[in-house]
Amino acid sequence: MDIGSAKPEYPHHLVDIRDPSEAYSAADFVQDAIAAIEEIRARGRTPLLVGGTMLYFKALLEGMAEMPAGDPAIRAEIESMAAEQGWPHVHAELAKVDPESAARIHPNHSQRLERALEVYRASGVPMSEWHARQAQGSPLAGYEVRQLAICPWDRAVLHERIALRFQHMLDAGFLAEVGTLHERGDLHADLPAIRAVGYRQLWQHLAGECTLAEAAQSGIAATRQLAKRQLTWLRKWPDLEWIFTDREGNVLESDGSEPEEKLTVVARALKLLGSDTIS
């Protein structure tokens, strides 16, 4: 899953560590991220965490409840229920046993629904109660953490870039990449990897549910919705320092005006971090 995930060309940790058929949770990420952070620091370097998966960052920064490990048999039962009756039905089943979690989870957010119902069926305890009674402290307690967000000042620019990015992915062979996954035989539309934005829409096209043009437009719309949700998260994020850019990528002030001192995004980030270099 290289093209649709915008896999970075420069070496990163935690890339290519799972097959698309395997689940990967926020708890898995916290464990793997802490191990990578400690290994980087042991080499005298500064870890940089980059990306946009807010739930995973939140789990790393604030900690998360210790809950039962995943149960493949229970998960298979839930996925079978969803295949026969739809995810809204799974949501209704969750609401019977954990109304608090059900109120927070959208009826079509299959991955979160599956995990919440799985936790209850495995333990007999609602996920909301696990969170309430077992919330842990931050895994990064004792670390100095600085947080930056980079975003175009004009929302229209963001939308233009999302559309352009999707077309660039198609030009780079995104459909063939999804086609290879589709032909494997061991993957299906309800897996978290295949539900990822972009992959889900092209999978639907390959399944004969829509044209390629319709899949592309649906993928662009879903990406815009994802970006909107990310911005909503970030506006409520404590201790976050923003770097705004114009159409050309030049750094702007927090009110959208041009700064007296012109800096690149990297230079502004370094200045906010109080550093001149990044190791």
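Biologist: Is Trp 153 buried, partly exposed or exposed?

Modeller: This model is predicted. Trp 153 has 40% relative accessibility, so Trp 153 counts as partly exposed. Buried would need a value under 20%.

Biologist: How many aromatic pairs does the structure hold?

Modeller: The structure holds 7 aromatic pairs.

Biologist: How is a pair of aromatic rings described?

Modeller: By two things: the distance of the centres and the angle of the planes. Take Trp 153 and Phe 244. Their ring centres are 5.1 Å apart and their planes stand at 85°, so this pair is edge-to-face.

Biologist: Which parts does the pair of Trp 153 and Phe 244 tie together?

Modeller: Trp 153 lies in the loop between strand S1 (147-152) and helix H8 (155-171). Phe 244 lies in strand S2 (residues 240-245). The pair therefore ties together parts that are 91 residues apart in sequence. Phe 244 counts as buried, at 16% relative accessibility.

Biologist: What kind of pair do Trp 233 and Trp 237 form?

Modeller: Their ring centres are 6.1 Å apart and their planes are at 40°, so the pair is tilted. Trp 233 is partly exposed, at 34% relative accessibility. Trp 237 is buried, at 14%.

Biologist: Which residues do ring pairs link into a cluster?

Modeller: Tyr 24, Phe 29 and Tyr 56.

Biologist: How many disulfides does a search of the whole structure find?

Modeller: The search finds 0. A disulfide would need two cysteine sulfur atoms within 2.5 Å. Cys 151 is buried, with a relative accessible area of 10%. Cys 210 also counts as buried, at 19%.

Technical notes: Residues numbered from 1 in each chain as written. Predicted model: local features only at pLDDT ≥ 70, side-chain atom pairs only at ≥ 80, totals over all residues. Heavy atoms only, no water. Phe/Tyr/Trp six-rings, centres within 6.5 Å; stacked < 30°, edge-to-face > 60°. Helix = DSSP H or I, 4+ residues; strand = E, 2+ residues; numbered from the N terminus. Buried < 20%, exposed > 50% of the residue type's maximum accessible area, 1.4 Å probe, protein only.
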